[in-house]
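Dear colleague,

Please find below the structure that I am handing over to you, followed by an account of what was found in it.

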Amino acid sequence: MTVTDDILNELRYRSESVDLDFKQAQYRFIGAGEQEKSELLKDILAIANSWREGTGYILIGFKDCTPNPADVTGISTDDHIDDAQLQQFVNGKVEPPLHFKYEERVFEEKIVAIISIPKQQRPFSVYAGYGKVRSNVVYVRRGSATVEASPAEIIKMSRAEGRPADSQISIELLNHQNESLSLTQNLRFLHFDELPEFSVPYTGRDITSILGTDSTTNFNYYRDLASYAALVLSSIQLRFKIRNQSNVSLRDLKLELHVTTPDVKYKFIEKTRFPDRPSMKRELGRHFRTPPPVNPRAFHIENRGKHQVCFARAESVLAGEDFISEPVLLRLQAQCEVTLEVRILAEQLPAPIIQTFTFTVTGDQEKHDTDTLLKLVQRGGR
């Protein structure tokens, strides 16, 4: 939804219409009263509800000069509006949630403001009257004028925008570099002899040698390293791209993963549990560290007996937007063919969209000791 200079130049040569409105002066917002702020609210609602094919725009700092291109008049630096405040203002009054973007930028050496409103499921209205905006009234643009929609029009809006075509929503499987992931995977399945405790070689007389202990040494280093190598080399890292090429936003989207191949032993591992490479030193303060924030779009895992369900959520995926999930690991125990069923559920979908991916996994069972473990890790495994 980024508006480039080329898009702005193209819009300047168009006349005001159902999806384009020029405003020479900035809206009164900061410190303004209900009547003034409701002008901005009403214009956003009218563009959002309009009958159009693509994104609608309100261009601020532009003077309509039809049939000539609009003049770039610019706005003052004192007329700044914060996008977050505007989002909170609009969506605190409008239902359902309305997706739009407000941005200020320099164009032709002047500051201008742009409100971009993607096409999404309509109609929108306010649940309580505010200034010039009446409650439960659907405002819409006809030509360059803002009017109230008729009841028949409102019904048509709901029907026209109610459901996306399944064929316009696709699922792509990605690797850790966000490139297409091969369905042929060569993994390694490691097993280890009993590993000794790790110790730091003696380097001279010091307090550690006198006391006969070293509180900073990770005595489990070899065992930790073996567990780390075994997990990394027997796992497939998965990411998913959901492409919404439909004409509506997908709200309350849920992405579910299911392994449907019987008798395949597997385990999903969410990002917060991805292993760090072990250290030879004890990390004495790691239990006192503040845990990193959890991405709301990250995968979570539920155990249902022997079966695991892995799922991620997104508040919405706009029409024309791509959603790329956080990564998740699929760990396997032996070579196999394994089928992964991916389901998309959303408020606008009458039934889940289901796509399957079948991996052909090859790889040997390998036995290692301390020496071969260290060589394995030094070579980088794969």
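**Aromatic pairs and a ring cluster**

F62 and F107 are both buried. The model is a predicted one, and a search of the whole structure finds 9 aromatic pairs in it. In the pair formed by F62 and F107, the ring centres are 6.1 Å apart and the planes stand at 35°, so the pair is tilted. Since F62 belongs to strand β3 (residues 62-63) and F107 to strand β6 (residues 101-107), the pair ties together parts that are 45 residues apart in sequence. Ring pairs also bring in F22, which is linked with F62 and F107 into a cluster.

**The chain as a whole**

The protein chain contains 7 helices and 23 strands. It has 382 residues, of which 45% count as buried. Among contacts with a separation of 6 or more, 76% are between residues 24 or more positions apart.

**Helices α2 and α3**

Helix α2 (residues 34-49) and helix α3 (residues 83-91) have axes that come within 11 Å and cross at roughly 75°. Angles of 65 to 115 degrees count as roughly perpendicular, and α2 is therefore roughly perpendicular to α3. From α2, the contact involves K37, L40, L41 and I44; from α3, it involves L86, F89 and V90. By residue class, this contact comprises 6 nonpolar residues, no polar ones and 1 charged.

Two positions in these helices may be set side by side. V90, in helix α3, is buried, with a relative accessible area of 0%. Apart from residues up to four places away in sequence, V90 touches L41, I44 and F100. The C-alpha atoms of V90 and V126 are 9.0 Å apart in space, while the two residues are 36 residues apart in sequence.

E34, in helix α2, is partly exposed, with a relative accessible area of 43%. Once neighbours within four places in sequence are left aside, E34 is in contact with Y130 and G131. E34 and V133 are separated by 99 residues in sequence, and their C-alpha atoms by 9.6 Å in space.

K37, one of the α2 residues in the contact with α3, has its charged end over the ring of F29, at 5.0 Å from the ring centre. A further case is K254, whose charged end sits over the ring of F311, 5.1 Å from its centre.

**Backbone features**

Which residues does a cis peptide bond join with omega at about 10°? They are T66 and P67, and P67 is located in the loop between β3 and β4 (71-72). The peptide bond from E95 to P96 is likewise cis, with omega near -10°. P96 has its place in the loop between β5 (94-95) and β6.

- N178 is not a glycine, yet its phi is positive, at about 60°. The residue lies in the loop between β11 (169-174) and β12 (184-186). N178 is partly exposed, with a relative accessible area of 39%.
- D263, also a residue other than glycine, has a positive phi near 65°. Its place is in the loop between β15 (250-259) and β16 (266-270). D263 counts as exposed, at 80% relative accessibility.

With kind regards

Terms used:
Residues are numbered from 1 along each chain as its sequence is written. This is a predicted model: local features need pLDDT of at least 70, side-chain atom pairs count only at pLDDT 80 or more; totals for chains, interfaces and linings use all residues. Side-chain values use heavy atoms; hydrogens and water are left out. Axes are lines fitted to C-alpha atoms, for helices over the stretch in contact, and angles run from 0 to 180 degrees between N-to-C directions. Helices (H or I, at least four residues) and strands (E, at least two) are DSSP runs, numbered from the N terminus. Angles under 35 degrees count as roughly parallel, over 145 as roughly antiparallel, 65 to 115 as roughly perpendicular and the rest as oblique. Contact means heavy atoms within 4.5 Å. Ala, Val, Leu, Ile, Met, Phe, Trp, Tyr, Cys and Pro count as nonpolar, Asp, Glu, Lys and Arg as charged, and the others, Gly among them, as polar. Rings of Phe, Tyr and Trp (its six-membered ring) pair if their centres lie within 6.5 Å; planes under 30 degrees apart count as stacked, over 60 as edge-to-face and the rest as tilted. Buried means under 20% relative accessible area, exposed over 50%, partly exposed in between (1.4 Å probe, protein chains only). A charge sits over a ring if NZ of Lys or CZ of Arg is within 6 Å of the ring centre and within 35 degrees of the ring normal.
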